[in-house]
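Trainee: I would like to go through this model and ask what stands behind each label.
Mentor: Go ahead, and we will set each value against its cut-off.

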Amino acid sequence: GFIAQNCIVPGLSTLLANLFIKKSQVEHKTGTWLDVYQDGMSQEIFTEFLSDSFVGMTFPTVCELCYIKLKLLLIAIQYCTGNESVSILINPDSSILIQQQTLGFFIARKRTLVQRANIYCTECHYDIFDVRRIKKCACKKMLTKEKVFYDIKRMQSFGVLPKQSSSTDKGSSTEK
């Protein structure tokens with residue numbers, strides 16, 4: 001399997017091994033390919049829910065925006081179809097539109113960097129070019145109930161909480 005896939009896609013086994021085995025960054029600065037390779041080895045895969053500002057955009061558009069504006073490398077998304085089945089799509093084409101509560105898979109050095117994808121707002125951050133200035137904005141205030149819902153969904157996606165039945169859906173209400 002793994003070696004056969006590497007024959008079809010040369011370098012795949014190295015890429016996957018480097019993503020799953022983190023090595024601390026070593027400062028050599030010789031200007032060679034080895035520096036770039038070692039920098040890549042210090043990266044990890046992180047997940048983060050994408051901001052509602054990305055809803056309705058195509059995956060390639062969101063990838064470009066994340067790379068250019070947020071300095072993030074988005075490689076895949078968790079995609080929900082109409083019949084509630086969930087798939088992980090790696091680099092899907094432009095026919096896939098981002099939905100609400102879409103979980104993105106990023107390659108980055110630190111988890112805190114990936115959180116920018118969750119707080120990005122096209123209205124408030126369109127003119128910001130320094131990614132350190134992208135902070136949660138005032139127009140993104142969520143109701144407490146919605147925040148709890150998203151926090152529960154995040155913990156379920158990380159495997160911290162077990163998946164619940166559809167009675168915990170955002171639209172359900174226990175009020176009489």
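Trainee: In what order do the four strands form the sheet, and is the pairing parallel or antiparallel?
Mentor: This is a predicted model. Its four strands are ordered E1-E4-E2-E3 in an open sheet, with antiparallel pairing.

Trainee: What makes strand E1 and strand E3 stand at the edges?
Mentor: Strand E1 (44-49) and strand E3 (86-90) each have a single partner strand, so one side of each lacks a neighbour in the sheet. From one strand to the next, the twist averages 25 degrees.

Trainee: How do you know that E2 and E4 pair?
Mentor: At least two bridges are needed for a pair of strands. Strand E2 (residues 73-80) and strand E4 (residues 103-108) run antiparallel and are joined by five bridges, so they meet the requirement of at least two. As an example, Leu74 has Phe106 in E4 as its bridge partner.

Trainee: Which helix lies across E2 and E4?
Mentor: Helix H4 (residues 59-69) does, and its direction is at about 145 degrees to E2.

Trainee: Why is Gln43 called buried?
Mentor: The relative accessible area of Gln43 is 13%. Buried means under 20%, so Gln43 is buried. Gln43 belongs to the loop between helix H3 (33-41) and E1.

Trainee: What does Gln43 touch, leaving aside residues up to four places away in sequence?
Mentor: Gln43 touches Asn18, Ile107, Ala108 and Arg109. The side chain of Gln43 also comes to 3.4 Å from the backbone nitrogen of Arg109, and the cut-off for a polar contact is within 3.5 Å.

Trainee: What makes the phi of Asn91 worth a remark?
Mentor: Most residues other than glycine have a negative phi. Asn91 is not a glycine, yet its phi is positive, about 50 degrees. Asn91 is located in the loop between E3 and E4. Its relative accessible area is 56%; exposed means over 50%, so Asn91 is exposed.

Trainee: Where is Gln101, and what is its phi?
Mentor: Gln101 sits in the loop between E3 and E4, with a positive phi near 60 degrees. Its relative accessibility of 25% makes Gln101 partly exposed.

Trainee: Which residues of H3 are buried, and how do you know that they are on the same side?
Mentor: The buried residues of H3 are Asp35, Gln38 and Met41. Their arc around the axis is only 120 degrees, so they are on the same side of H3. Trp33 and Val36 are exposed on the other side of H3.

Trainee: What covers the buried residues of H3?
Mentor: The cover includes helix H2 (12-20).

Terms used. Residues numbered from 1 in each chain as written. Predicted model: local features only at pLDDT ≥ 70, side-chain atom pairs only at ≥ 80, totals over all residues. Heavy atoms only, no water. Helix = DSSP H or I, 4+ residues; strand = E, 2+ residues; numbered from the N terminus. Axes fitted to C-alpha atoms, helices over the stretch in contact; angles between N-to-C directions. Contact = heavy atoms within 4.5 Å. Buried < 20%, exposed > 50% of the residue type's maximum accessible area, 1.4 Å probe, protein only. Polar contact = N/O pair within 3.5 Å; in protein donor to acceptor, adjacent residues only side chain to side chain. Arc of directions from axis to C-beta.
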